[in-house]
Amino acid sequence: MPNLNYDFTGRTVIITGAAQGIGLEVGRFFQSAGAATFLVDYDGEAVQAAAAQLGATGIRADVSNTDDVERAVKAAVEATGRIDIIVNNAGILRDTVLWKMTDEDWEQVLAIHAGGTFKFTRAAVPYFREQNFGRIVNVTSYTGLHGNTGQANYATAKAGIIGLTKTSAKELARFGVTVNAISPNAKTRMVASIPDDKMAYLVAQIPMGRFAEAEEMAAAIGFLASDEAGYITGTVLPVDGGISM
Ligand SMILES: NC(=O)c1ccc[n+]([C@@H]2O[C@H](COP(=O)([O-])OP(=O)(O)OC[C@H]3O[C@@H](n4cnc5c(N)ncnc54)[C@H](O)[C@@H]3O)[C@@H](O)[C@H]2O)c1
């Protein structure tokens, strides 16, 4: 884990899609930095195992389901009295060229990425307003800015997250809330499904010559969620080894 000396003692954080990959490593970072850390995932068994591993709290919830989202935020508030940070990271891929893409492929990807990000943001706002403090870090993608063959659904959802980040940043600034996004590039299960030849091509495009480890995303997310980053809002920070230059 990066040696980051952030102190999140007294802060409550929810990370979605935290049973594995980037979310799990972000959870590890916040837990070790003293936050009351709530891991959310729709894989109930995996999220409880992840939470037990970190000493955090696991919540089974589907980010595209309004009742699940409201329940997850309430659980964190009931346990700690507050909610300070939401990391909207949960995601899926349903890749295929658009002429083969089903309505379900389209709707699921939008509902989870863009819908989940919207629903968690909306659920946290009443508490953020009361506290006059909040941090939201969304997870978008290079694909959201540039498009990618086979990812019409994902590109649309990730571009939507950028619009949502900027709009919620504008709406919530007056309540002491910042909303930012990162655009990652990390070696996770999501990337493992990319065929070898395409992977070699992708790595060749990255100036740093490699994909990041998932834990390297925690540095950027931790910074954007810190008290010290209170004047940074509405940004999309590429954490991508320079591929988007
Ligand atoms: N890995 C990369 O290089 C990369 C690049 C760009 C963007 N991203 C984004 O980063 C985020 C995390 O990706 P990852 O690589 O760690 O993926 P991952 O597949 O390893 O983890 C995603 C997690 O989200 C959970 N999830 C999926 N749908 C959910 C739902 N409806 N409700 C709750 N949980 C749900 C999964 O169970 C899983 O644990 C995603 O939003 C992804 O689009 C990743």
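The entries that follow take the ligand and then the helix pair.

Entry 1, basis. I worked from a predicted model, in which local features need pLDDT of at least 70 and side-chain atom pairs count only at pLDDT 80 or more, while totals for chains, interfaces and linings use all residues. Residues are numbered from 1 along each chain as its sequence is written, and side-chain values use heavy atoms, with hydrogens and water left out.

I found 28 residues around the ligand, each with a heavy atom within 4 Å of it. Asp 41, Asn 89, Tyr 154, Ala 186 and Thr 188 come nearest. I noted that α7 (189-192) gives the largest share of the shell, three residues. Helices here are DSSP runs (H or I, at least four residues), numbered from the N terminus.

I looked for pairs of N or O atoms within 3.5 Å. A ligand oxygen lies 2.9 Å from a side-chain N or O atom of Lys 158, and a ligand oxygen lies 3.1 Å from one of Arg 189. A ligand nitrogen is 3.2 Å from a polar backbone atom of Tyr 42. The protein covers 96% of the 830 Å² of accessible area that the ligand has on its own (Shrake-Rupley method, 1.4 Å probe).

I recorded an angle of about 40° between α3 (residues 66-80) and α4, with axes 9 Å apart; axes are lines fitted to C-alpha atoms over the stretch in contact, and angles run from 0 to 180 degrees between N-to-C directions. Val 73 and Val 77 are among the α3 residues that meet α4, where Phe 120 and Tyr 127 are included (heavy atoms within 4.5 Å).

Technical notes:
Polar contact = N/O pair within 3.5 Å; in protein donor to acceptor, adjacent residues only side chain to side chain. Helix = DSSP H or I, 4+ residues; strand = E, 2+ residues; numbered from the N terminus.
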